[in-house]
Amino acid sequence: MFLYGNEEKQKNIEMIAKRIEVCEKCPLNLTRTNTVPGSGNVDSPIMFVGEGPGADEDALGEPFVGRAGQLLEKMLKEYAKLERNDVFITNIVKCRPPQNRVPTQEEVKSCQSYLDGQIIVIKPKIIVTLGNTPLYYFTGESKITQSRGRFFNWYGDIKIFPTFHPSYLLRNQSSTKGSPKWYAYLDMRIIGIMYRALKQGKDVEEVTKTVEEKIKSLENAGGSQT
Ligand code: SF4
């Protein structure tokens, strides 16, 4: 588990990880190799939340380390101009669902207190949801294609910014205008802009209002996202 940033926050995130390590609250504990609590920068204003660990993540105990994780890292670098360690990355459930199936609502509910705890400690301004499971968890919406590029209010002042899961992008290789990849690249550019503005101390409401305009102009501009 790789953590960066404020020591007090790191200690609290490690404490949550220790609880996850011995957790038997749902049947996923029976088939896991390792728990995957999450990793990254505990001071980041932006947190990424995916669905659940896959085979590589289960083997290594780290989130997003397989092919999907490599794509996420590449998109962060190329489009958001961010390193993986600039943000905190975790999942809705902290143990791998067998055959990478979607976690059940009972499993999600059993695991909820760990994610809540991580959010309380890290206090992100924006949560980027990757794919449909975290989208539904945070917003009640179920269609990523209709929800991406929009902001949803969550508890406190936290904004939810949905985008595609990188494993979905691996199955949809086209990056022509209007394709999931094209939108995902655009979302990453927006995430980079928001990260830098929030790091400069700008208010999250102000930041999201400004980028809403930017999203519209990028969507209308067409062409490649490079
Ligand atoms: S998925 Fe969450 S609730 Fe289920 S065993 Fe793992 S840590 Fe516990």
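Q: What makes strand S3 mostly covered?
A: In this predicted model, S3 spans residues 46-50, and five of its five residues are buried. A residue counts as buried if 20 or more other C-beta atoms lie within 10 Å of its own.

Q: Which residues of S3 point one way, and which the other way?
A: Ile46, Phe48 and Gly50 point one way from S3. Met47 and Val49 point the other way. All of them are buried. In a regular strand, side chains alternate between the two faces of the sheet.

Q: How do you know that S3 pairs with strand S5?
A: Pairing takes at least two bridges. Four bridges join S3 to S5, residues 126-130, so the two strands count as paired. They run parallel. In this pairing, Ile46 stands opposite Ile126.

Q: What makes S3 and strand S4 a pair?
A: The test is again at least two bridges. S3 and S4, residues 88-91, have four, so they pass. Their sense is parallel. Val49 has Thr90 of S4 as its bridge partner.

Q: Why is Leu186 called buried?
A: The cut-off is 20 or more other C-beta atoms within 10 Å. Leu186 has 21, so it is buried. Leu186 has its place in helix H8.

Q: How many residues apart in sequence are Leu186 and Gly149, and how far apart in space?
A: They are 37 residues apart in sequence. From C-alpha to C-alpha, the distance is 8.7 Å.

Q: How do you know that the span of helix H9 agrees with its number of residues?
A: H9 covers residues 204-221, which is 18 residues. At 1.5 Å a residue, they should span 26 Å. The end C-alpha atoms are 25 Å apart, which agrees.

Q: Which residues of H9 are buried, and what puts them on the same side?
A: Val207, Thr208, Val211 and Ile215 are buried. They cover an arc of only 85° around the axis, which puts them on the same side of H9. What covers them includes strand S7 (159-163) and helix H8 (180-199).

Q: Which residues are exposed on the other side of H9?
A: They are Glu205, Glu206, Lys209, Glu213, Lys216, Ser217 and Asn220.

Q: Which residues come nearest to the ligand?
A: Of the 14 residues around the ligand, the nearest are Cys23, Cys26, Asn29, Cys95 and Cys111. Helix H4, residues 105-122, gives the largest share of the shell, three residues.

Q: What classes of residue make up the shell around the ligand?
A: The shell has seven nonpolar, three polar and four charged residues. Cys counts as nonpolar here.

Key: Residues are numbered from 1 along each chain as its sequence is written. This is a predicted model: local features need pLDDT of at least 70, side-chain atom pairs count only at pLDDT 80 or more; totals for chains, interfaces and linings use all residues. The expected span of a helix is 1.5 Å times one less than its number of residues. A residue is buried if 20 or more other C-beta atoms lie within 10 Å of its own, exposed if 12 or fewer, and partly exposed in between; C-beta atoms are placed from the backbone. The arc is that of the directions from the helix axis to the C-beta atoms. Two residues are in contact if their C-beta atoms, placed from the backbone, lie within 7 Å. A residue is near a molecule or strand if its C-beta atom, placed from the backbone, lies within 6 Å of it.
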